Amino acid sequence: VTAKYDGIVDDDAIALSTHKGQEFDYVISGRLKVKLDNHIEILEAGDCVYYDSSHGHGMVALDGDCVFLAVVMSEN
């Protein structure tokens with residue numbers, strides 16, 4: 001996935017979504033600001049996050065575009 005940089009860095013402006021399953025995101029290049037419910041993490045190349053997708057989550061690129069691997073595992 002390529003998250004295009006759009007200048008949004010305000011924590012409250014990060015749109016959250018939810019869905020069934022779990023998600024793993026691994027940053028390949030750039031920086032990614034990830035919001036999980038009310039928690040914020042800044043990820044850089046080589047960093048990853050794994051979470052239950054039924055919790056609110058959203059992300060924005062920082063300082064330019066960010067390329068990351070997103071693996072979404074649905075519950076059957």
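Modeller: One term before we start: contact means heavy atoms within 4.5 Å. By that cut-off, and not counting residues up to four places away in sequence, I42 touches R31, L32, K33, D47 and L62. Keep in mind that this is a predicted model.

Colleague: Where is I42 found?

Modeller: I42 is in strand 3, which covers residues 39-44. Y26 sits 16 residues from I42 along the chain, and their C-alpha atoms are separated by 12 Å.

Colleague: Why is I42 called partly exposed?

Modeller: Buried needs under 20% relative accessible area and exposed needs over 50%, with partly exposed in between. I42 has 35% relative accessibility, so it counts as partly exposed.

Colleague: And S53, is that buried or exposed?

Modeller: Relative accessibility is 0% for S53, so S53 counts as buried. You'll find S53 in the loop between strand 4 (48-52) and strand 5 (57-73). Leaving aside neighbours within four places in sequence, S53 has contacts that include S17, H19, G21 and E23.

Colleague: What about the whole chain: how many helices and strands are there?

Modeller: Zero helices and five strands. Read from the N terminus, that gives β-β-β-β-β.

Colleague: How much of the contact count comes from residues 24 or more positions apart?

Modeller: They account for 71% of the contacts with a separation of 6 or more.

Colleague: Which phi does D37 have?

Modeller: A positive one, about 55°, although D37 is not a glycine. Most residues other than glycine have a negative phi. D37 lies in the loop between strand 2 (22-36) and strand 3. With 35% relative accessibility, D37 counts as partly exposed.

Colleague: And what is the phi of D63?

Modeller: Positive again, at about 60°, and D63 is not a glycine either. D63 belongs to strand 5.

Colleague: Why is D63 called exposed?

Modeller: The cut-off for exposed is over 50%. D63 has 60% relative accessibility, so D63 counts as exposed.

Conventions
Residues numbered from 1 in each chain as written. Predicted model: local features only at pLDDT ≥ 70, side-chain atom pairs only at ≥ 80, totals over all residues. Heavy atoms only, no water. Helix = DSSP H or I, 4+ residues; strand = E, 2+ residues; numbered from the N terminus. Buried < 20%, exposed > 50% of the residue type's maximum accessible area, 1.4 Å probe, protein only.
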